[in-house]
Amino acid sequence: MSGEGPHAAVTRERRPTRTAMLVALGIDALGSGLYLPLSLLYFTLVVGLPLREVGLALSAATALTLPIPLLAGACADRFGARRIVVTAQVLQGVGFCGYLFVHGVVALLFAALLVGIGERSYWTTVFTFVAETSAGRQLDAWYARISVTRSLGTGSGALLAGLVVGSGRHWLYQVAIIANAVSFGVAAILLASMVTDDRTADDNAGRAGKAGKTGKADKADKPAKAAHGGYRTVLRDRPFLAFTATNLAYSLCLTIVVVALPVYVVKGLAGPGWLAGTLFTVNTALLVLTQALVTRTVATRRRTRVLAAAGVLWVLWSLAMAAAPHVPHAALIPFLLVGMLVFTVAEMMQSPTSTALAAAASVSELRGRYMAVYQYGYQVAKIIAPVLFTQLFVVSPGLPWLVLAILTACAIPALLLLERSLPAEALRPKPPEEAAPSAALSEEEPAEEAGEGAPAEAPAEAASEKETSR
């Protein structure tokens, strides 16, 4: 319609962008879900490397790629996040092909290094890509939708991984690696061919206005000065750095369940090989069916309070996992299923909320760099998780989970203390009736109707809200 204006045209361009991203993430996650639960088992059972050496090699590769997010974040601010995401997926696909030729620790280190470079770049920039077209509670809604898509793909892959473990056939492990490499290639092609770059002047202006509402008006009003400051501006933002540090414990929970659960079930609890895949399937089913409901339920709460509640649930889950070796064998399966239920509720509360809080608390012109620093919580977790589990597991099967419970418990009061320092709008953005996160969760996104009902005395603000709500 002629009355739609330029913002409607931008929205029509963004819809295929978001759809392509969801499809690409789903394919990517399917391959990763198939491989990740098999990673330690592949290198120990198929390749024949000692468990401790595998853990050290994977952690060393992650440590060597630790500076990569800084470079990726700066490139995202300069060239656009989409280009970095596509490049990162190609690197990961090549790296996983290299795993097929690993016969020793050195080869494993180099292949894992290439995968790590792509992975760090990918997770540094993919959420920046989303934040470029969303704001307010819509960040939570879109990150929730991405979480559902990733979980559906990862869970489906994990179910297949359980079948691989249960079959006992080593060649299926290699098929899983090939499938993962192919998934990265397909995802990269989708994003490169279907996605258009929406980094327009209107986007930047809208994000600058949003940054002003989050209490960073001095930086938003001077985008050139903020951009010139680069990482120095980020490093001066102490509340944001403190939030990133507290996120480390939560990142460990998300990381260790994928890396450690299959080994813990098979070797620590003497459970059946298919059980880990079943637990991941339960996790996926709950995420797909209830993530949107959970996101809407916590939408009126402070983001820090939601994260604190998720931390309490993860402490309970970690203690339950530590106690699992003492559970009667007949009750082990229902015990672990209940534990996975608790874990999943915490994950649904934490994942979209934490990422949305980081994006909302950042300066818009430096969001790529801000999100790069934020991702370090996950990168450090990926360094610690294999070593933490493998080294403590050989001492006592329940010890890694006890340590995880202590770390998570320490993060809860730290998050609550940060409420005094983080921007108010980042802690509690517009309520659902104003930001319409449920509309963001639907493919229709009827933001135009909301815009038509805006007060006539504020047409510019109505158009801006209409833009961001899409």
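Buried here means under 20% relative accessible area, exposed means over 50%, and partly exposed is anything in between (1.4 Å probe, protein chains only). The model is a predicted one, with local features needing pLDDT of at least 70 and side-chain atom pairs counting only at pLDDT 80 or more, while totals for chains, interfaces and linings use all residues. Residues are numbered from 1 along each chain as its sequence is written, and side-chain values use heavy atoms, with hydrogens and water left out.

Now to the charged pairs. A salt bridge is taken as a side-chain nitrogen of Lys or Arg within 4 Å of a carboxyl oxygen of Asp or Glu, and by this rule the count comes to four. One of them pairs R369 with D77, whose closest N and O atoms sit 2.8 Å apart. R369 lies in helix α17 (residues 367-374) and D77 in helix α4 (residues 68-79), so this pair ties together parts 292 residues apart in sequence; helices (H or I, at least four residues) are DSSP runs numbered from the N terminus. R369 counts as buried at 15% relative accessibility, and D77 is buried too, at 14%.

E119 pairs up with R120, with 3.1 Å between the closest N and O atoms.

R305 and E419 meet in another salt bridge, 2.5 Å from N to O. R305 belongs to helix α15 (residues 303-323) and E419 to the loop between α19 (399-417) and α20 (424-427), 114 residues apart. R305 is partly exposed at 43%, whereas E419 is buried at 14%. Shared partners join R302, R305 and E419 into one salt-bridge network.

Methods: Helix = DSSP H or I, 4+ residues; strand = E, 2+ residues; numbered from the N terminus.
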